[in-house]
Amino acid sequence: MPKSRFGNLDAIRAGAAGKDQFARWRQERLQKMRNKGYQECVPNVKPDLSFLHHNRQEPSVTWIGHSTFLLQMGGLNIVTDPVWARRMALQKRLAPPGVELSDMPSVDLVLVSHSHYDHLHFGSLRRLRGPKRLYVPAGLKRKMAVRGFGEVHEMHWWENCTVHGVKFTFVPAQHWTRRNPWDMNNSHWGGWVMESHQGPTIYFAGDSGYFRGFEEIGRRFKIDVALMPIGAYDPEWFMAAQHVSPEEALKAYQDLKADIFVPMHYGAFKLSDDTPMEALERLEAERARLGIPQEKIFLLQHGETMRFSRGHVIDNEAKDGLD
């Protein structure tokens, strides 16, 4: 196995499953496929394209799907983990992107959490219009340059930069990465915290298992909105080191001391054995058990935009699950 350049805070070897574990997962998955609704997906709404194309003042968050968002802060159009691909390996996308590539406004910055295929699609990135300055984890710049991307900035954990008054900090996550058999953990992984004097502080978690780093992020930043993964956790004996369950996502949200929780990383691709409805049902059950107010959980649909005024959500109609 190739030597890894990067690791996790607690030497957790996420992504290091053996052949026996893969065989067990395949066997269990065949049984589950007979009993679960694998074609569930998050509904799409018609995006407010006029607002997205003309807005340079009002902070907003628009969910494209999976871990891809269009964030508008400080006059910047920011895209996270660009994936508009219609397929992931042999599986079709469960729901179309909330905003089609051809309808996207000009993009100023792209933030990449890690290089897994469901978080970085080079074809999508090429087709995005605009200057699209790229910020990527340490170790990934060369791979981007080989594919012709020019303005690429690498970041290590806790490093930051400021663009047009918006401060971007690359923060730890517990995960791993690989795009081919020879580059295991040759680049890092993490999340992004975005701070602006004129809007909310937004934390984009990328992909992560539950780890002590959430508490440290919460100590360093006053987070208004946490974009947290809730999918690809089943079977948990196999996925826990690299993907939080819905219950762990809420625990992380509490560790972060964030205000608003926005679920992501579910409903667009079939990456494991859980379904969108199951993830949302477990999220709702745990929210109720913990006594978290329902208005603190903002369930976006694909193409939907949450808007802010003076750092507060002004379009907050929390939903009780899939329509």
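# Strands, loops and rings in a predicted model

Trainee: Which residue in S10 is the bridge partner of threonine 162?

Mentor: Two strands pair if DSSP finds at least two bridges between them. S9 and strand S10 (residues 166-171) pair in the antiparallel sense over 4 bridges. They form a hairpin with 2 residues between them, and histidine 164 in the turn has a positive phi of about 50°. Within S10, threonine 162 has as its bridge partner lysine 167.

Trainee: Which residue in S12 does methionine 194 stand opposite?

Mentor: S10 and S11 run antiparallel and are joined by 6 bridges, with phenylalanine 168 opposite methionine 194 in S11. Of the 6 residues of S11, 5 are buried. S11 and S12 are also antiparallel, with 3 bridges, and a hairpin through 5 residues joins them. In S12, the residue opposite methionine 194 is isoleucine 202.

Trainee: Why does proline 200 count as buried?

Mentor: Proline 200 is in the loop between strand S11 (191-196) and strand S12 (202-204). Its C-alpha atom is separated by 7.7 Å from that of phenylalanine 308, 108 residues apart along the chain. Proline 200 counts as buried because its relative accessibility is 0%.

Trainee: Is serine 67 buried or exposed?

Mentor: Serine 67 lies in the loop between strand S1 (60-65) and strand S2 (68-73). Leaving aside neighbours within four places in sequence, its contacts (heavy atoms within 4.5 Å) include Thr80, His119 and Phe204. With a relative accessibility of 1%, serine 67 counts as buried.

Trainee: How far from a polar atom of the side chain of asparagine 55 does the backbone oxygen of glutamate 58 lie?

Mentor: Asparagine 55 is in the loop between helix H2 (49-54) and S1, and at 7% relative accessibility it counts as buried. A polar contact is a pair of N or O atoms within 3.5 Å; within protein, one must be able to donate a hydrogen and the other to accept it, and residues adjacent in sequence count only if both atoms are side-chain atoms. The side chain of asparagine 55 reaches the backbone nitrogen of glutamine 57 at 3.2 Å. For the backbone oxygen of glutamate 58, the distance is 2.6 Å.

Trainee: What is the angle between the planes of tyrosine 135 and phenylalanine 168?

Mentor: Rings of Phe, Tyr and Trp (its six-membered ring) pair if their centres lie within 6.5 Å; planes under 30 degrees apart count as stacked, over 60 as edge-to-face and the rest as tilted. The whole structure holds 10 aromatic pairs. Tyrosine 135 and phenylalanine 168 form a stacked pair, 6.4 Å centre to centre, with an angle between the planes of 10°.

Conventions:
Residues numbered from 1 in each chain as written. Predicted model: local features only at pLDDT ≥ 70, side-chain atom pairs only at ≥ 80, totals over all residues. Heavy atoms only, no water. Buried < 20%, exposed > 50% of the residue type's maximum accessible area, 1.4 Å probe, protein only.
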